[in-house]
Each structure stands twice: as structure tokens, then as C-alpha cells.
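Work through the exercises below with the model open. Try each task before you read its solution.

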Amino acid sequence: GRILSGMAVPVTPPPTSPMVQHHLTAEVDAVVKQQVAMARLGVGECGTGWQLFAEDGEMRMYRREQEVDGMVVDPLKAVHTVKGITGHEVCHYFFSPQYRYDWETTLEHMNVVETISEDTLVFYQLHKRIWPASQRDVVFWSHIRHLPNDQDRDGPHIWTVVNQSTEHPEYPGCSGKTVRIYLTVCLLCQTIVNPPKDGAPISRNDISCKITYCSVVNPGGWAPASVLRAVYKREYPKFLKRFTAYVINQSKNKPIMF
Ligand code: 6CM
């Protein structure tokens, strides 16, 4: 503010609120709420048919075999518990574009198509070709959110990132030889804190993160079912292990981000 006779007078009014919401805002909110509710259901409650297909330490991965018009769209649900990191940290590294190439190994190219707001971005991604299928690309919005603590026993620290396919005029599908894939992904993270009994400050030894990762990917065009299932079986455990190791490594010498 400008100094007038010793008093600070605000000369700049606050920024004007946008007159209209972005056309995706309502969709983002609805899909996030729905995906979070689904992610919170255990593999035993979520209908039948979740079959365990990968297990490594605390990590468990389940899928339901599902085909639409002969295309594999198997829903996937993974749970993992990782020591020394928070849900906010996991979601931060998953959401932020500047780290994506560090951990996403199936990526050939990625760019941010649109910044809707600080917590909502639209991405374009071109993935590496997997023989014998065509190369795949995807356009999706991505939203990061801190969830209110509605159940006391769950504690306050729940974060989520939801990715959902969308359309963008500058990136039409069905052009050239790439095939557009359609995805819905939900990463839900809960921080567990075991406060030290002696009242010492909370260190990374006292925290862990319970991670739930759900995804449904429609490959968008022909891909042999057996190859696709083999790719998923190999790539999803690799992704979750590599990504969480990356978050541990990035976070280890930094203050805890609750
Ligand atoms: O959720 C993950 N990554 C996010 C950030 O990149 C985002 C993107 C997901 C893309 C998932 C597509 C991967 C599969 C691409 C190859 C398709 C080949 C089809 C033909 C095979 C015969 O949500 C982590 C995604 C981890 C995927 C393993």
C-alpha cells in the first residue's frame, strides 16, 4: 500500500473473481468425489471379482478382467504402505509436471496443454510404442486435492490426485497413426503418524503413507488382449515401486510436507 500520513492505505483492490467457471470445473469436482468414494472401498467390499495379480512387500495389486467390444479395460486397484513419506508428498510428485519424466518410464513426450487453476492442469502425453500395437496418446485433466477430515479416526492428512481423459481442440484424437487412449486414475494417500512418546518432534521414522491407486484404461483401439494384460502385469508394479522410491529419494533431505 501507499504511505499516506503514516498510514498504509491499500491502493490495489483484490483481483476480480472470474465471471464464469471454467467449463471443466463442475466435471472435475463430480469425478473427484466419485473416484475418491470408489478408491476408499476395500477390495473385499467393491463387488466381487478382484483378483490379486502382483504382490511385493506391502504392495498388493488387484484387477478385474473386463472387456468392452473385445478390448481389455481391466480395472486395477493397488494398495501400498510406504514408510517415511506423506500423502501430500506422494500427490505432489505425482501431480507436478516438472517431475513426470523422472518417474514415468512409458513416456515419450508430455506437455501441459492448459492450466485451469493451480490445482487443475490439462496434459497431453505420448507414450512409447509397445510392439505389436500402435503408439498411444492421451489428453487428460489432472486435479490435486486435500480432503476434509470427515471421519475422525482417519486423521486429517488425506490427499488425492485424479486424472481423467478429456478433449482438447488442439489435440484431436484419430489424427495420424497414434491411437487415443481413455483413462480414469485415482491416487488416494493417507498419512499415518506415530508421534514419538517422549514428545520429540515428528521425524520421517514416525510417518508412513497408505496409498491406494485405481485405474481404468481403455486402449482406444485394437490391442491383443494377452499382450495388453502382460504389459499391465509388468508395468503397473514397476510403476508403483519406482514412483514411490522416487518420492522417498526426493523427500529424504527435505522438511516433511504434511
Ligand atoms: O498413472 C500413471 N501415470 C500418470 C502420469 O503419466 C497418468 C497416465 C497414465 C497413462 C497410462 C497409459 C500407460 C499405458 C500405455 C501403453 C499402452 C499400450 C497399449 C498397447 C499394448 C499392446 O495417469 C502411471 C501409469 C502406469 C502405467 C503402467
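**Exercise 1. Find which residues come nearest to the ligand, and which elements supply its shell.**

Solution. Start with the 20 residues around the ligand: Ala133, Val185, Ala223, Glu235 and Phe239 come nearest. A residue is near a molecule if its C-beta atom, placed from the backbone, lies within 6 Å of it.

Next, assign elements. Strand S9 (120-127), strand S10 (136-147), strand S13 (182-193) and helix H4 (225-251) each supply at least two shell residues. Helices (H or I, at least four residues) and strands (E, at least two) are DSSP runs, numbered from the N terminus. H4 gives the most, with six residues.

Last, sort by class. The shell has 13 nonpolar, four polar and three charged residues. Ala, Val, Leu, Ile, Met, Phe, Trp, Tyr, Cys and Pro count as nonpolar; Asp, Glu, Lys and Arg count as charged; the others, Gly among them, are polar.

A note on the source: this is a predicted model, where local features need pLDDT of at least 70, side-chain atom pairs count only at pLDDT 80 or more, and totals for chains, interfaces and linings use all residues. Residues are numbered from 1 along each chain as its sequence is written.

**Exercise 2. Decide which residues of helix H1 are buried and which are exposed.**

Solution. Val28, Val32 and Gln35 are buried (20 or more other C-beta atoms, placed from the backbone, within 10 Å of the residue's own). Seen down the axis of H1, the buried residues fall within an arc of 75 degrees, so they line one face. The arc is that of the directions from the helix axis to the C-beta atoms. On the other side, Ala26, Ala30 and Ala37 are exposed (12 or fewer such atoms; partly exposed lies in between).

Now find the partners. The buried residues of H1 pack against S9, S10, strand S11 (158-165) and S13. Contact needs C-beta atoms, placed from the backbone, within 7 Å.

**Exercise 3. List the contacts of Leu187, leaving aside neighbours within four places in sequence.**

Solution. Leu187 is in contact with Cys91, Phe94, Thr160, Val161 and Tyr213.

**Exercise 4. Locate a cis peptide bond and a positive phi.**

Solution. First, the bond. A cis peptide bond joins Trp131 and Pro132, with omega about 5 degrees. Pro132 sits in the loop between S9 and S10.

Then, the phi. Asp69 is not a glycine, yet its phi is positive, about 50 degrees. Asp69 lies in the loop between strand S5 (67-68) and strand S6 (71-72). Asp69 is exposed, with 6 other C-beta atoms within 10 Å. Most residues other than glycine have a negative phi, and most peptide bonds are trans.

Methods
Two residues are in contact if their C-beta atoms, placed from the backbone, lie within 7 Å.
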